[in-house]
Amino acid sequence: MGELAGIDPLGADKLIRQMEAGKDVLGRTRPGLEAAIAEAGPDWAGRMGVATMHRTWAFFHESQQDLRWRIDILKRMVPAQQKGMLTATLPFTSRTEAAQAAEEDAAAITGALKRHDEHLSQQSWSEVDKAMAALRGRVDDPAYATALLAALGPKAFQKLFRDWMTTQAGGDRRGLTPEAGKRAGTGSPGLLARAFASAESSGRLGPEWQKMVESAPSDILTALVRLAPQSGTFLNRVAANLLNRPPNSDAFPTDPNWNLYNLATAFAANPEAFQRFLAEHPKEAGVLLDAYTIRSSGVPAYEAALAQALDGALQPKFGSFEVQERAWIVVINSIGSVHSLWIGGSLGTFPDSPISRVLAKNIGPVLDKLARGQADKRAQDAYKRAVADGVETPPLPPPYLAARAPWDTVDPAVSARFFGALMQDSAAAATLAKLGKEYVQQMDMGRFRPFGSDNYSTSAFYNYAARAGALASLLLSGSTYAEWSDDQYAEWLAGSILMPVDYLDQLVPVAGKIPGTGKAKMLDEIKDRLKKIITDHMDGKTPEDAGTVATRLVNMQVDAMIKSLKAAGHGGLTTDEHSTLRDAAMGRMLGALTNALKVRGG
């Protein structure tokens, strides 16, 4: 018989902490008090004090356990988003009553299961289902769930899943299909999964259940995490174990792999756990993200489910900042690896990938980290070349460009391939172009002057300019992997070249800024000219090689900046200043642009 309970979890947690503090005081005081009483003998006045302390400590301890039990039930019965007082009718009035009922139900289930093994008929299975029906309304009680699982044991627990799949889901050994999963969720497997979640998440299961992760079949484990919201710790243990199993270790390796889909779906429902999984299990996360895994799963819905999970884990400002950074690095290294089949592989391209679109949508806060890595590498390479050439005063890499840990471990070549993988999808490529322009605009370079007596302003300007050029260089390098039409490619290259100078009117005071429509018209005209030069080169209408064309294009970029400054009445630059801007732009973009033109135009 149940009872109506209403508890404020926050207030209850505070009371539990206060009782714990009281137990700590009593526990520290009791030994000294007992010694003092023994020493005083009959002279001690408060002879009943020790017994009272024992009763008080026991009262606090039992009250804590009872209150924690009630809170655990309510949190599982009432939607998590509800705040304040949680109210529900508890299935049992005490933990003892719950445990007794669980033992009785487990005995009925094992008895029915034994009879089913003897007859193996639909009628005998219906008796198992009938016994399992007693679990409804009870499995959210962690005391009941723990006692039930203890009575069943891991072997019978797994057998209940297997027999249901055999009789109700065609015996599919590579995971429940969505249709079978719906039926399982409302049937016996769903009740078992919820019972496991109640007991495991409250820390009540013994070590034999933790070992089950290592030995249980993949389809049972993925059903367990798919049918009920398990704890993030258990979900990640299951995922790490499954993804470390040998390829095609299933009994039917050619069947569609719904295990992967169910795992991705479970991660989509628990984005915090998936964020931690990505950060802490790079090898296993790489298996999930591998192009071969996606294409060979035989389940088209797997890619969409994985994209949904990535969207939850990587959306800006979600979860732990430090954990999300490490998660991003694992994703970038996995997809952008030199061995990645996302790009240049035998599997073809990913032109309509929901994964590419989700990653592009959420990558905005990461762009600066990748740009710094590219800018710092260029500066480091220039320094090393100068030292190798015997230059007495080689150009020291500016410290302000260096990427901080853990981003200093990301290879810019990997970043470029990662961008290239995303750019195979035109929608993702458009998102990256938009975010790249926003990144440059948000730098607000107009606060600083590239030339003048103020060294701080000069350094700040070149800091931003180097990062803007570095990001453009990464995107240009990545674009060589995209399979677009020549017109699409020319449009992208022209836009990328202009990206670092799409802040021209920010260089001058507000009063002298170019009107928005005038600036837009000027940039459109320049972009059309850039695009024509690129198209002519790809169509073979010019004898110039890629290096010559790239030099012309970068020179046009610098000319646009100088023209804008003059048009704004800011005054002309000296010849030396012209050369400085031109050399800086060449150093940042010429190599990537030349390579991009070679790939498409020879």
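**Glutamine 230 and beyond**

Analyst: Setting aside residues up to four places away in sequence, glutamine 230 touches Ala193, Phe196, Ala197, Leu224, Val225 and Asn270; contact means heavy atoms within 4.5 Å. This is a predicted model, in which local features need pLDDT of at least 70 and side-chain atom pairs count only at pLDDT 80 or more, while totals for chains, interfaces and linings use all residues. Residues are numbered from 1 along each chain as its sequence is written, and side-chain values use heavy atoms, with hydrogens and water left out.

User: Where is glutamine 230 found?

Analyst: Glutamine 230 is in the loop between helix 9 (218-227) and helix 10 (232-243). Helices (H or I, at least four residues) and strands (E, at least two) are DSSP runs, numbered from the N terminus.

User: Is glutamine 230 buried or exposed?

Analyst: Glutamine 230 counts as buried because its relative accessibility is 6%. Buried means under 20% relative accessible area, exposed over 50%, and partly exposed in between (1.4 Å probe, protein chains only).

User: What does the side chain of glutamine 230 reach?

Analyst: The side chain of glutamine 230 reaches the backbone oxygen of leucine 224 at 3.0 Å. A polar atom of that glutamine 230 side chain also lies 3.3 Å from the backbone nitrogen of alanine 197.

User: Next, the whole chain. How many helices and strands?

Analyst: The protein chain has 25 helices and two strands. Of its 602 residues, 50% are buried. Among contacts with a separation of 6 or more, 77% are between residues 24 or more positions apart.

User: What about the accessible surface of the protein chain?

Analyst: The accessible surface comes to about 27,600 Å², and 54% of it belongs to carbon and sulfur atoms. The areas come from the Shrake-Rupley method with a 1.4 Å probe; for residues, only the protein chains shown count as cover.

User: Which residues have the most contacts inside the largest nonpolar core?

Analyst: They are Phe274, Leu310, Leu359, Ile363, Phe418 and Phe419, in a core of 141 residues. Helix 5 (residues 142-168) gives the most to this core, with twelve residues. A nonpolar core is a set of buried Ala, Val, Leu, Ile, Met, Phe, Trp, Tyr and Cys residues joined through side-chain atoms within 4.5 Å.

User: Take leucine 359. What is it in contact with?

Analyst: Leaving out neighbours within four places in sequence, leucine 359 is in contact with Leu310, Leu314, Trp328, Val331, Ile335, Phe418 and Leu422. Leu359 is one of the buried residues in helix 17 (residues 354-362), along with Ile355, Ser356, Val358, Ala360 and Asn362.

User: Which helices do the buried residues of helix 17 pack against?

Analyst: They pack against helix 14 (291-296), helix 15 (301-314), helix 16 (321-335), helix 19 (412-423) and helix 20 (426-442).

User: And what caps the N-terminal end of helix 17?

Analyst: Serine 353 does, with a side-chain oxygen 3.2 Å from the backbone nitrogen of isoleucine 355.

User: Different topic. How many aromatic pairs?

Analyst: The structure holds ten. In one of them, the rings of phenylalanine 157 and tryptophan 209 have centres 5.2 Å apart and planes at 85°, so the pair is edge-to-face. That pair links distant parts of the chain, 52 residues apart: phenylalanine 157 is in helix 5 and tryptophan 209 in helix 8 (residues 207-215). Rings of Phe, Tyr and Trp (its six-membered ring) pair if their centres lie within 6.5 Å; planes under 30 degrees apart count as stacked, over 60 as edge-to-face and the rest as tilted.

User: Is phenylalanine 157 buried or exposed?

Analyst: Phenylalanine 157 counts as buried, at 0% relative accessibility. Tryptophan 209 is buried as well, with a relative accessible area of 1%. Phe157 and Trp209 form one aromatic cluster with Phe161, Phe196 and Phe234.

User: What sits over the ring of phenylalanine 350?

Analyst: The charged end of arginine 295, 4.2 Å from the ring centre. The criterion is NZ of Lys or CZ of Arg within 6 Å of the ring centre and within 35 degrees of the ring normal.

User: Now the backbone. Which peptide bond is cis?

Analyst: The bond from alanine 405 to proline 406 is cis, with omega near 5°. Proline 406 is in the loop between helix 18 (367-388) and helix 19.

User: What is phi of lysine 317?

Analyst: Phi of lysine 317 is near 70°, a positive value in a residue other than glycine. Lysine 317 is in the loop between helix 15 and helix 16, and it is exposed, with a relative accessible area of 85%.

Definitions and conventions: Polar contact = N/O pair within 3.5 Å; in protein donor to acceptor, adjacent residues only side chain to side chain.
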